[in-house]
Amino acid sequence: MLGVEDIVQLASRTHDVDDISAVQELYHSNGWTDGLPIVPPTREAVEACLDWVMMPPDQLIGIEPVRGLAITAEKLAVNAVMAGCLPMHFPVVVTAWTAMMQEEFLMHGATASTGGCAVLVVLNGPIRLELGASGGFNALGNSDRATAVIGRAIRLCLINLMDVRPGAIDRSTLGHPGKFSYCVAEDEEDTTWLPLAEQRGAPKGASSVTVMAAGAPRQLMNEWTTKPEEILETFAAEMRANLRHYSIHPGNYALIIPKQLREHLQAGGWSKSDIATFIHERARIHRREWAEVGKGAVVRDRGDSIYPAMDSPDQLLVVAAGGPAGGFGAVIPPWLGNKSHAVTVPIGVCVDCEPPKK
Amino acid sequence: MTFRVLDPTPGTAAPAGQLAPRLDTLQGKTVGFISNGKEGTKGFFMHLDQILRDEYGVANVVSRTKSNYSAPADPHIVAEIKSWDAVVSGLGD
């Protein structure tokens, strides 16, 4: 009887190389990397990823809506292995790409833009614990293996499957470090808040992935109060700064709230919805403020117009993450407001899935 | 130790659009502009409009602007292309 390994036919071309140095040079010289060394994507490693998600190599994960590029499980797996993913990480990569290919995410625009956008990936649910994905110390940085390799896999897939290379499809004027890897796990065990994915409609307890077209994190600090309104005013001020200095387009913003500030908010009985309502009221500017930051030429006769950072409170993604001490937080701004919308997709392992619910 | 490794790229080109038949002349033709709406398109298309009319005898220039400069052209603009002889799609970056 034939086993799965006997009937799997990978479509990828193969290259025979002499040693690990030659592997690295092959991938670098072809523009197949992000500049860092890769893990050699052997047939065995790629098949192990496919086995883990129970997908045949030619499983169509989706068709990129603008250029009509077919994205298959095999090609995602090759790039995930290169990024350092183990098979257990691969379901997250597949789900993130499923989310990114939803029309409202506008993947082509977000990844081709001069605006220097990266794909922020937020993990929720039990898979975080299975993977050892940490939402604690150094969140948004090199906090753990899982978030590092998952975030990197997203970028390598963009580079190799969609030609999102600097100067090719990627026209970013400035990038940011999140374009190497930009993944964070929510610290669900150390908060009373609803997980982000559940807040956004995913089933309770489901492992889920949220993607957002995002700029670099803007870090802030306020250790001098315990009042929720004052803590959140600092976050709102950072968003106002983004509205003034970067873009007035409203859209999804993410707030990363570590434990020290989170505990003050939770002690005051503030839920994520309460935070979003407050932030929606406070994070807005008058157009005339642009004149204060060198953009007077575009104020014109609309100085009194008010620009909120979000159209509605539910556009705010509140994420509990960060080390246990320090009055820090971060605002992650949208790439370009409502041109792209964050998408949340529960992780499922199936061969004949229905399209994700909107 | 030798390695047999897999190519990470699709291996096939993206489905390409097909070029419309080339025009022998622009004389008397209708040319459509599809702008992404950014500031830099304004001067460029204004100048191009003048050159096409004055130097190439283009009869009509139709200017359209996308509602979202990061997304494909709106369906109503795409539908309109059929009534043009040529189209220039321009970025303002």
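## Briefing: chains A and B

In this predicted model, 32 residues of chain A are in contact with 18 residues of chain B, where contact means that the C-beta atoms of two residues, placed from the backbone, lie within 7 Å. Because the model is predicted, local features need pLDDT of at least 70 and side-chain atom pairs count only at pLDDT 80 or more, while totals for chains, interfaces and linings use all residues. Residues are numbered from 1 along each chain as its sequence is written, and chains are lettered from A and ligands numbered from 1 in the order in which they are written.

**The side of chain A that touches chain B**

- At least two residues each are supplied by β1 (14-17), α3, α4 (73-83) and α8 of chain A; helices (H or I, at least four residues) and strands (E, at least two) are DSSP runs, numbered from the N terminus.
- By class, this side of chain A has 14 nonpolar, 10 polar and 8 charged residues. Ala, Val, Leu, Ile, Met, Phe, Trp, Tyr, Cys and Pro count as nonpolar, Asp, Glu, Lys and Arg as charged, and the others, Gly among them, as polar.

**Two domains in chain A**

- Chain A is divided into domain 1 (16-215) and domain 2 (217-333), with bounds that come from an automatic or database domain assignment.
- The C-alpha centres of domain 1 and domain 2 of chain A lie 27 Å apart.
- Domain 1 of chain A brings 23 residues to the contact, and domain 2 of chain A brings 20 residues.
- On the domain 1 side, β4 (118-124), β5 (183-185), α9 (196-199) and β6 (208-214) of chain A each supply at least two residues. The most comes from β6(A), with 3 residues.
- That side of domain 1 of chain A is made up of 12 nonpolar, 8 polar and 3 charged residues.

**The largest nonpolar core**

- The largest nonpolar core has 113 residues, and those with the most contacts inside it are A:V93, A:L120, A:V121, A:V211, A:I256 and A:V319. Such a core is a set of buried Ala, Val, Leu, Ile, Met, Phe, Trp, Tyr and Cys residues joined through C-beta atoms within 7 Å.
- Helix α8 (residues 145-162) of chain A gives this core its largest share, 12 residues.
- Both domains take part: domain 1 and domain 2 of chain A each contribute at least three residues to this core.
- Leaving out residues up to four places away in sequence, A:V93 touches A:L76, A:A80, A:C85, A:I150, A:A153 and A:I154.

**Helices of chain A**

- The axes of helix α3 (residues 43-53) and helix α5 (residues 90-100) of chain A come within 9 Å and cross at roughly 75°. Axes are lines fitted to C-alpha atoms, for helices over the stretch in contact, and angles run from 0 to 180 degrees between N-to-C directions.
- α3(A) and α5(A) are therefore roughly perpendicular to each other, a label for angles of 65 to 115 degrees; under 35 degrees counts as roughly parallel, over 145 as roughly antiparallel and the rest as oblique.
- Here A:C49, A:W52 and A:V53 of α3(A) meet A:F90, A:P91 and A:V94 of α5(A). The contact of these two helices has 6 nonpolar, no polar and no charged residues.
- In helix α12 (residues 272-282) of chain A, the residues A:K272, A:I275, A:A276, A:F278, A:I279 and A:H280 are buried. Buried means that 20 or more other C-beta atoms lie within 10 Å of a residue's own, exposed 12 or fewer, and partly exposed in between, with C-beta atoms placed from the backbone.
- The cover over the buried residues of α12(A) includes α9, α10, α11 (259-267), β10 and β11 (316-320) of chain A.

**Single residues worth a look**

- A:D163, in the loop between α8 and β5 of chain A, has a positive phi of about 60° although it is not a glycine. A:D163 is partly exposed, with 18 C-beta neighbours inside 10 Å.
- A:R300 also has a positive phi, near 50°, in a residue other than glycine. A:R300 sits in the loop between β9 (284-286) and β10 (306-308) of chain A and counts as exposed, with 10 C-beta neighbours inside 10 Å.
- B:G57 is placed in the loop between α1 (39-56) and β3 (60-65) of chain B. B:G57 touches B:L26, B:Q27 and B:G28, not counting residues up to four places away in sequence.
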